[in-house]
Amino acid sequence: MTSRPEQDMETNVTAVSAADMTDARKGGNTRKVFVRTYGCQMNVYDSERMTDVLAPEGFEATDDLEDADLVILNTCHIREKAAEKVYSELGRIRKVKEERAKSGKDMMVGVAGCVAQAEGEEISRRAPIVDLVVGPQSYHQLPSLLEKARAGSKVVETEFDIDAKFNHLSERAEKQVLKRPPSAFLTVQEGCDKFCTFCVVPYTRGAEVSRSVEQIVSEAERMAAAGVREITLLGQNVNAYHGTSPDGAVWGLGRLLRRLAEIDGLDRLRYTTSHPRDMDDDLIEAHRDLKSLMPYLHLPVQSGSDKILKAMNRRHTRDEYFRLIDRIREVSPDIALSGDFIVGFPGESDQDFEDTMDLIRQVGYGSAFSFKYSSRPGTPGATMDEQVPEDVKSARLAALQALVAEQQKAFNASRLGMTCDVLLEKTGRNPGQLVGKSPWLQPVQLDAPEDLIGSIQAVEIVDIGSNSLFGRLIAGQDDLGRSGRIPAPAA
Ligand code: SF4
């Protein structure tokens, strides 16, 4: 794939909700943990799981860094100079830690995620305030690692045993799930074997590993019982999923989706991010067969030039991608397609770039993520000849983004006047306003009472913005979600 997960770094810096984890306390001695999440949805999911693991240890989440007894930076290694940015953030945290020390309060500092995996011991060497460095596959060990750190050791744990991680993460407490939005992430697969030449994921997250069907179904059932209406299955290469079922058979993602669609109360399913090579027939047909599988697909292609696709080691051609899109649109004509594009990969000529623009024109995207190529140490792309000058990359990126913005606007405009099901997720900026999500993953703003949060309502789309839709609640309609109704254009 590539993914929005891999590419979408600093745009998403969040603290885990302070509402989480207030239930489990050890001996009444509550401590505060501040988790800052960088990057993709998989890191958001991991941050939630870290707070889940820490809750029984008496940790309660806080949004206030200065109030934290434990700070964890859950890092992402996709963007350029990712490690440097982490070191500079650690410099800011050091000052907060020094301030707290003046009033006799301690603060422990941990670095998690892909930068932790890539840098390892170097982090504690360069930033002595760091007590704990923990790679993405070791979060289940956080309590014991913290114990060691508290005893004075500098702890670095970057083993790649992903099975252990998922086998040992405790079951999510219903109370914790309840405090989160009606739409949730669920990691089903991690790591990648594709080795695209621009990507660090195979090095920072390791080889592809899938969770068992049983683990996933049981987590999804608990989420649904706690009121989650929509689950997005996550994986660096999610459609390479090959998990073992209870009878020992190996299931692909299509079969897993079919099983999850049977869970009562789970009205919407999505998955991200996919690689074109792994879109098999069963998965494509699931888009035809499952009403709860939303009509949205993030399917990165990265380039429209066969020469560049080969240099990127993408293992598919431009024509194969076109054929795949045709097959997907055959079963789901109204699907919103999304993609990732990298411009300025080494050796990309004007013609190669034009081939990418042509591919975008032919496919027609509802949205897309695009980036200038920047080299990652340790990847083959970093040492390739013919690096493209920055000003050329910038000009290409601007042209590509203008084209995608035009397509996104047209796709949004095509929803005008439709009535569709919207999952209402949270309050909006203005009083009386709620924000929800359309089947095609667009945010929808509308006036509605707060007690409708968590329900799926029929909404008429009355206006469009560049990124959002504006809707009107259809009066007198009940929550439609449990009927699994698919959106239909109004007359
Ligand atoms: S190496 Fe894997 S994770 Fe990275 S871009 Fe390629 S398919 Fe995606």
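**Cys199.** I started with cysteine 199 and found it buried in this predicted model, because 26 other C-beta atoms lie within 10 Å. For burial I use this rule: 20 or more other C-beta atoms within 10 Å of a residue's own is buried, 12 or fewer is exposed, in between is partly exposed, with C-beta atoms placed from the backbone. Cysteine 199 sits in the loop between β9 and α9. Helices (H or I, at least four residues) and strands (E, at least two) are DSSP runs, numbered from the N terminus.

**Ground rules.** I number residues from 1 along each chain as its sequence is written. As this is a predicted model, local features need pLDDT of at least 70 and side-chain atom pairs count only at pLDDT 80 or more, while totals for chains, interfaces and linings use all residues.

**Cys192.** Next I checked cysteine 192, which lies in the loop between β9 (189–190) and α9 (201–204). Cysteine 192 is buried too, with 25 other C-beta atoms within 10 Å. Leaving out residues up to four places away in sequence, I listed what cysteine 192 touches: Val201, Pro202, Arg205, Glu208, Gln236 and Asn237. Contact here means C-beta atoms, placed from the backbone, within 7 Å.

**The record.** I looked up the annotation: the unreviewed UniProt entry puts "binding site" on Cys192, Cys196 and Cys199. UniProt positions follow the numbering used here, feature names are shortened, and annotations may be inferred rather than shown by experiment.

**Helix α12.** Which residues of α12 (residues 281–289) are buried? I got Leu283, Ala286 and His287. Seen down the axis, the buried residues of α12 fall within an arc of 100°, so they line one face of the helix. The arc is taken from the directions from the helix axis to the C-beta atoms. That buried side packs against α11 (253–260) and α14 (318–331). On the face turned away from it, α12 carries the exposed Asp281 and Arg288.

**Whole protein.** I counted 16 helices and 22 strands. Of the 491 residues, 47% are buried. Among contacts between residues at least 6 apart in sequence, 75% join residues at least 24 apart.

**Confidence.** The protein averages a pLDDT of 87, and 86% of the residues score at least 70. pLDDT is the predictor's confidence in each residue, from 0 to 100. Residues 1–27 stay under 50, and the model gives them 92 contacts beyond four places in sequence. Residues 481–491 are also below 50, with 22 contacts beyond near neighbours in sequence. Where pLDDT is low, the predicted coordinates should not be read in detail.

Notes
Contact = placed C-beta atoms within 7 Å.
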